[in-house]
Amino acid sequence: MLTTGGRRARVVATLAVAALTLLGTRYSEDEAFPFGPMSMFAFRTEPDGRVDVASLRGIVAGSPQEVEISPATFGLRRAEVEGSMGRMAKDPTLLGELVRAREAIRPDLPRVDYLRIVQTNYLLENGQQKGFRQATVAEWRR
């Protein structure tokens with residue numbers, strides 16, 4: 001059986017978590033999870049809607065062609081890239097910070113000379129892919 005103090009502590013903790021969740025939902029992004037939205041799971045896609053996917057693409061030293069670069073080599077997950085796209089669109093120098101972080105944690109990988117975030121919108125019709133559109137959200141050059 002809980003004491004009065006134990007009950008009060010549980011009520012205070014419950015109210016604190018509820019308040020943080022409400023504030024995080026209103027004023028924050030995915031980085032604040034669990035006290036902010038995890039938007040990739042917060043909705044369902046309509047059969048005639050679209051699915052948005054972000055990717056990192058760039059040119060690495062020694063390669064003349066652009067290649068897809070895994071967010072994991074930057075120490076990120078794709079959801080983290082997608083959650084940060086708005087900030088990177090406003091300040092593309094953040095992509096340069098990602099490159100510098102990658103060089104610090106993975107010096108064995110080829111140097112990135114150009115990096116961009118590409119937003120791909122897969123268009124659906126009756127639940128089947130019927131096309132796609134791509135747009136560059138932000139780009140950075142060494």
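Let's start with Arg102, which touches Ile69, Thr73, Phe74, Pro107, Leu109, Pro110 and Val112, not counting residues up to four places away in sequence; touching means heavy atoms within 4.5 Å. This is a predicted model, where local features need pLDDT of at least 70, side-chain atom pairs count only at pLDDT 80 or more, and totals for chains, interfaces and linings use all residues. Residues are numbered from 1 along each chain as its sequence is written, and side-chain values use heavy atoms, leaving out hydrogens and water.

Arg102 lies in helix H3, helices being DSSP runs (H or I) of at least four residues and strands (E) of at least two, numbered from the N terminus. Is Arg102 buried or exposed? Arg102 is buried (under 20% relative accessible area; exposed is over 50%, partly exposed in between, with a 1.4 Å probe and protein chains only). Yet Arg102 has no salt bridge, meaning a side-chain nitrogen of Lys or Arg within 4 Å of a carboxyl oxygen of Asp or Glu. The nearest side chain of opposite charge, Glu103, is 6.6 Å away; Lys and Arg count as positive, Asp and Glu as negative, while His and the chain ends are not counted.

Now follow Glu103 to its own partner. Glu103 forms a salt bridge with Arg142, with the closest N and O atoms 2.4 Å apart. Because Glu103 lies in helix H3 and Arg142 in the segment after S4, the pair ties together parts that are 39 residues apart in sequence. Glu103 and Arg142 also belong to a salt-bridge network with Arg111 and Asp113.
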